[in-house]
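Trainee: I would like to learn how to read the features of a structure one at a time, with the general idea before each case. Could we begin with the aromatic residues?

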Amino acid sequence: MSAEDSNPAATPTPCVDTQGDGRWMSLHTRFVSDSKDKEPDVLFVGDSLVQLLHQFAIWRQLFSPLHALNFGVGGDATQHVLWRLSNGELDNIIIITLNCHLHICGGIMAIVQVIKNKLPQAHTLVLSILPRGKAPNPLRERNAKVNKLVQETVSSLPHASFLNVDPGFVHSNGSISHQDMYDYLHLTPQGYQAVCEPLHAHLKSMLDKPVEN
């Protein structure tokens with residue numbers, strides 16, 4: 001625990017309001033309210049890639065019918081998500097499937113543990129971090145290493161699983177197309193389609209499984 005306690009990514013921390021407009025806390029307050037009024041079967045939590053998904057037609061086509069909520073916030077790191085989940089966003093949800101697109105292994109696993117503590121019935125589906133950058137780069141290599149560590153750690157947990165959602169964005173020459181990621185980080189509609197269709201099928205198969213007593 002001492003190693004985790006010294007890891008900022010695994011320490012619940014509210015986002016600093018550098019802009020002075022209270023936007024982050026306003027979103028958190030809205031999410032807490034949504035969790036009281038709605039009963040989602042699927043909850044997406046994460047950063048801008050999760051948040052922006054809500055703006056595309058594929059959200060309405062695939063995920064709204066699954067009674068899904070989107071609690072993504074652009075710029076969030078794991079410590080910010082941990083704070084949000086520990087301060088009301090899960091308190092009124094009975095059973096969920098949570099999908100995280102986050103950054104650091106220790107922080108991701110801390111989030112999985114918070115969900116387990118607050119929602120023992122829930123299953124946490126951790127999505128792989130997507131590759132980034134037009135050409136090979138250190139951040140892409142870091143993401144691949146985090147994915148490997150998270151997959152290995154999650155594989156031993158009965159209440160969580162790992163899903164690689166990369167449909168093959170990196171071409172044989174090591175490049176990523178702007179048609180899939182317009183800024184080589186955030187997804188285009190075509191990119192979301194490639195990620196979300198198999199994700200939707202996986203979620204459907206999980207939700208359709210009979211609940212074990």
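Mentor: Gladly, and please keep in mind that this is a predicted model. One aromatic cluster is formed by F44, W59 and F63.

Trainee: How is a pair of aromatic rings described?

Mentor: In general, one gives the distance between the ring centres and the angle between the ring planes. In this model, a search of the whole structure finds six aromatic pairs. For F31 and F71, the ring centres are 4.5 Å apart and the planes stand at 15 degrees, so this pair is stacked.

Trainee: Which elements hold F31 and F71?

Mentor: F31 belongs to helix α2 (residues 23–37) and F71 to strand β2 (residues 68–72), so the pair ties together parts that are 40 residues apart in sequence. Both F31 and F71 are buried. Compare the rings of W59 and F63, whose centres lie 5.7 Å apart with planes at 50 degrees, so that pair is tilted.

Trainee: Where in the structure is W59 found, and is W59 buried or exposed?

Mentor: W59 sits in helix α4 (residues 57–63), and with a relative accessible area of 3% the residue W59 is buried. Leaving aside residues up to four places away in sequence, W59 touches F44, L53, H54, S64, A68, L69 and N70, and F44 is also a member of the aromatic cluster with W59 and F63.

Trainee: Why might residues four places apart in a helix point the same way?

Mentor: An α-helix has 3.6 residues a turn, so residues three or four places apart point the same way. Here W59 and F63 are four residues apart in helix α4, and are therefore separated by about one helical turn. F63 is buried too, with a relative accessible area of 0%.

Trainee: Where does a kink lie in α8?

Mentor: A kink of about 30 degrees lies at C196, shortly before the proline P198. C196 is also one of the buried residues of α8, which include G191, Y192, V195 and L199.

Trainee: What do β4, helix α7 and β5 make together?

Mentor: They make a right-handed β-α-β unit, in which α7 covers residues 138–154. Strand β4 (residues 123–127) and strand β5 (residues 160–163) run parallel and are joined by four bridges, and within this pairing V126 stands opposite F162 of β5.

Trainee: What is the phi of Y184, and where does Y184 lie?

Mentor: Phi of Y184 is near 65 degrees, again positive in a residue other than glycine, and Y184 lies in the loop between β5 and α8. With a relative accessible area of 22%, Y184 is partly exposed.

Conventions
Residues are numbered from 1 along each chain as its sequence is written. This is a predicted model: local features need pLDDT of at least 70, side-chain atom pairs count only at pLDDT 80 or more; totals for chains, interfaces and linings use all residues. Side-chain values use heavy atoms; hydrogens and water are left out. Two strands pair if DSSP finds at least two bridges between them. Helices (H or I, at least four residues) and strands (E, at least two) are DSSP runs, numbered from the N terminus. A crossover is right-handed if, with the strands pointing away from the viewer, the path from the first strand over the helix to the second runs clockwise. Buried means under 20% relative accessible area, exposed over 50%, partly exposed in between (1.4 Å probe, protein chains only). Contact means heavy atoms within 4.5 Å. The bend at a residue is the angle between axes fitted to the seven residues ending there and the seven starting there. Rings of Phe, Tyr and Trp (its six-membered ring) pair if their centres lie within 6.5 Å; planes under 30 degrees apart count as stacked, over 60 as edge-to-face and the rest as tilted.
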